[in-house]
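Visitor: I would like to learn how to read a protein model, one feature at a time. Could you walk me through it?

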Amino acid sequence: MGPNQPLPIDSTWQSTDEYINSLLTFVSTSELFRNLCGGVHVLDFLTRKPDLYTWILPEDWRRWFEEVEVDNVLDLLLREDLDQFQASDGSCSTWEGHASPPRTLVEYVSMVRRYSLNRTFSPRQPKHDLETLPRHVAVGMKPKKIHEVAQVAAFVDELSHHLAAPKVQADAPHRRTPNGHAREAHDSTEVDTGATVVDFGSGQNYLGRTLACPPYNKKVIAIEQRHHNVEGARGMDVSAHLAKKQKNMINKKEWKAQWEASRRSPQSCEPSQLKSEHEATGISEAELKDMEARVPMLSLEQNDANTVAVGNDSSGIGSEAANLPSRTGPILYVEKELSSGDLSDILSPTSPPSIVVSIHSCGNLTHHGLRALTLNASVRAVALIGCCYNLLTERLGPPTFKLPSLRSNHPRLEATSMAYDPHGFPMSKRLEDFTFPVKVSSAHDPLPSDTPKESRRYYNLNGEMQEIDATGKGVRLNITARMMAVQAPHNWTPKESEDFFTRHYYRALLQRMLLDLGVVKMSTPASTPDIEIAGGTLSGKDETGSPLIIGTLRKSCFADLESYVRGAVDKLIKDPKDGTAIANKTKCLFENDGQMIKQYKQDYAYGKKHLSIIWSLMAFSASVVESTILVDRWLWLKEQEKVEDAWIEAVFDYKQSPRNMVVVGIKKTSE
């Protein structure tokens with residue numbers, strides 16, 4: 001049922017292997033790319049000399065940027081047809097009333113576009129209307145969530161039918177989508193394929209509820225760590241007619257006496273209590289006993305969310321009640337913190353076939369979901385859409401908070417230098433073992449030019465000290481690069497982009513003020529001791545690198561620079577330890593009607609445009625970071641002997657949901 005190509009790559013690539021080799025080489029060796037994706041933090045922008053804009057961007061780029069507006073830059077990066085700049089006769093000498101962009105800039109934009117996975121979306125035909133779900137099913141959903149749930153539910157249903165009878169359906173009529181998807185035709189009136197859907201990080205269980213309702217009628221296991229999400233989902237199950245509202249008639253005096261007694265001597269829940277909650281869910285006696293044996297029960301008083309099965313305590317999921325659907329798939333809620341893909345406490349080897357799914361699983365949760373395919377015999381397929389790449393951990397370690405040439409030598413970074421997470425990025429052996437030549441520009445050479453070659457050692461692009469001709473190993477993406485990968489520049493509106501450009505500019509300029517006033521300490525990176533950097537990405541307020549955190553501010557604080565500075569300082573001076581010292585050091589900012597703030601604004605007026613351009617380049621380039629993360633997950637699936645097929649495709653409209661790529665893996669039928 002997958003697309004013709006396992007990866008949605010640009011048509012100019014001859015094969016997926018050619019694309020992957022070129023992608024990994026670009027990500028590992030392009031100094032400009034690695035500076036833009038991982039080497040720039042907003043706090044560093046105005047505290048460095050020379051500033052980051054001057055230090056990172058080529059001179060001919062900077063000259064051209066001075067002639068155009070930021071909107072022109074965004075048009076070039078995101079929307080403009082680059083073929084017009086490739087004329088060999090030089091006929092395209094102007095563009096939008098300005099000189100044509102530098103050739104190297106056009107080449108860089110072209111490379112980033114080629115390395116970015118194609119996000120073109122081809123809608124499936126959900127059994128529900130494309131953009132609407134039945135009102136009782138869509139309870140609590142906004143239009144974005146309705147779009148996501150409707151499309152993923154249709155995808156999971158299609159995948160379920162593919163797993164149920166892949167050979168029988170081989171002769172069934174197919175239809176091709178513009179992306180080349182082959183979709184099996186199946187009877188939309190079919191009640192159930194038998195596959196259980198396991199939702200990793202179900203949240204409010206919007207997807208699970210939709211799949212449990214007609215016409216999908218799936219059995220769903222919703223795994224969620226947060227108890228309040230489970231309780232909220234149960235309440236919406238009542239509205240969706242998946243459960244009956246409980247009427248609790250109690251003797252208040254007796255109940256209060258029992259409650260007081262339970263506080264003094266809490267007792268554990270009996271398995272029979274859980275059983276009574278499941279009586280009407282359609283789960284067999286044998287399945288219930290297996291679940292009771294596998295999932296530990298919790299104390300009534302101790303709401304431990306490590307691992308606990310919570311049944312759908314609202315009974316009535318059958319045809320007993322006249323106002324309920326006659327065939328509704330049961331939902332089992334499991335409160336559990338997922339720290340791996342091992343579901344042996346939930347699924348037994350003899351459990352019915354299951355599909356692990358997730359919409360926007362954060363960080364390593366996607367990795368756990370993928371590994372569930374090989375760690376659990378009953379899991380037949382996975383279909384996961386990830387997000388929050390900044391929450392990924394790093395498997396190769398040490399964690400790279402920034403590029404070495406921009407790194408501060410805070411002891412706090414040293415304390416985390418031995419953090420290696422086996423569940424982190426990258427997953428695949430291909431990325432782990434990938435080797436690349438180390439190229440260090442002489443402009444960033446920390447040693448004098450007459451230093452003997454045998455004594456010349458450098459920080460390579462992964463932060464390791466090596467010889468000039470050494471070879472790097474392993475693909476790494478630091479936290480700043482991964483944070484930028486969640487941007488969606490194609491969805492920026494003029495007002496939105498102006499607003500966050502302004503916010504970033506205000507924060508960068510405030511950092512400059514705090515540095516000059518001694519609130520933020522200056523730090524010198526180990527690899528470039530001749531260039532001073534203030535606090536790096538950590539805003540160090542002392543020699544140990546403790547971050548100076550401002551947090552969120554009221555909307556009114558962004559009306560102008562002075563309002564922002566006042567709002568930020570008002571929060572900082574409330575710090576119980578450093579508040580008094582900060583107040584004494586910053587009071588001069590507001591003297592003489594804020595004259596010092598006005599002077600800073602005048603002196604660094606150029607910074608807003610420069611920061612806006614850098615930020616635009618960062619967000620645009622970060623699409624390659626996301627592509628690398630997705631390719632790594634696909635490669636991991638292809639490396640597993642148990643996996644028969646794997647692919648990546650878009651399941652949402654990018655305009656409605658930018659993190660729209662699903663990673664799919666199907667286990668071999670012999671397993």
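Guide: Gladly! Keep in mind that this is a predicted model.

Visitor: Let us start with the whole chain. How many helices and strands are there in the protein chain?

Guide: The protein chain has 21 helices and 18 strands. Of its 671 residues, 52% are buried. Contacts tell you about the fold as well: taking those between residues at least 6 apart in sequence, 75% join residues at least 24 apart.

Visitor: Next, aromatic rings. What describes a pair of them?

Guide: A pair of aromatic rings is described by the distance of the centres and the angle of the planes. This structure holds 18 aromatic pairs. One of them joins phenylalanine 85 and tryptophan 95, which sit edge-to-face at 6.1 Å centre to centre, with 75° between the planes.

Visitor: Which parts does that pair tie together?

Guide: Phenylalanine 85 is in the loop between helix H5 (70-78) and strand E1 (94-95), while tryptophan 95 belongs to strand E1, so the pair links parts that are 10 residues apart in sequence. Both phenylalanine 85 and tryptophan 95 are buried. Another edge-to-face pair is formed by phenylalanine 500 and phenylalanine 501, 5.1 Å centre to centre and with 80° between the planes. Phenylalanine 500 and phenylalanine 501 are buried too.

Visitor: Which residues form one aromatic cluster?

Guide: Look for Trp13, Tyr19, Phe26, Phe33, Trp61, Tyr108 and Tyr115, which together form one aromatic cluster.

Visitor: Now helix packing. At what angle do the axes of H17 and H21 cross?

Guide: Helix H17 (residues 494-516) and helix H21 (residues 606-639) cross at roughly 115°, and their axes come within 9 Å. The crossing is right-handed.

Visitor: Finally, the backbone. What is the general rule for phi and for peptide bonds?

Guide: Most residues other than glycine have a negative phi, and most peptide bonds are trans. Here, the bond from proline 214 to proline 215 is cis, with omega near 5°. Proline 215 is in the loop between helix H8 (206-212) and strand E6 (219-224). Asparagine 217 lies in the loop between H8 and E6 as well, and its phi is positive, near 55°. Asparagine 217 is buried, with a relative accessible area of 7%.

Visitor: Where is histidine 360 placed, and what is its phi?

Guide: Histidine 360 is in strand E9 (residues 354-362), and its phi is positive, about 60°. At 19% relative accessibility, histidine 360 counts as buried. A cis bond also joins phenylalanine 425 and proline 426, with omega about -5°. Proline 426 is in the loop between H14 and H15.

Methods. Residues numbered from 1 in each chain as written. Predicted model: local features only at pLDDT ≥ 70, side-chain atom pairs only at ≥ 80, totals over all residues. Heavy atoms only, no water. Axes fitted to C-alpha atoms, helices over the stretch in contact; angles between N-to-C directions. Helix = DSSP H or I, 4+ residues; strand = E, 2+ residues; numbered from the N terminus. Left-handed = near helix turned anticlockwise from the far one by under 90°. Phe/Tyr/Trp six-rings, centres within 6.5 Å; stacked < 30°, edge-to-face > 60°. Buried < 20%, exposed > 50% of the residue type's maximum accessible area, 1.4 Å probe, protein only. Contact = heavy atoms within 4.5 Å.
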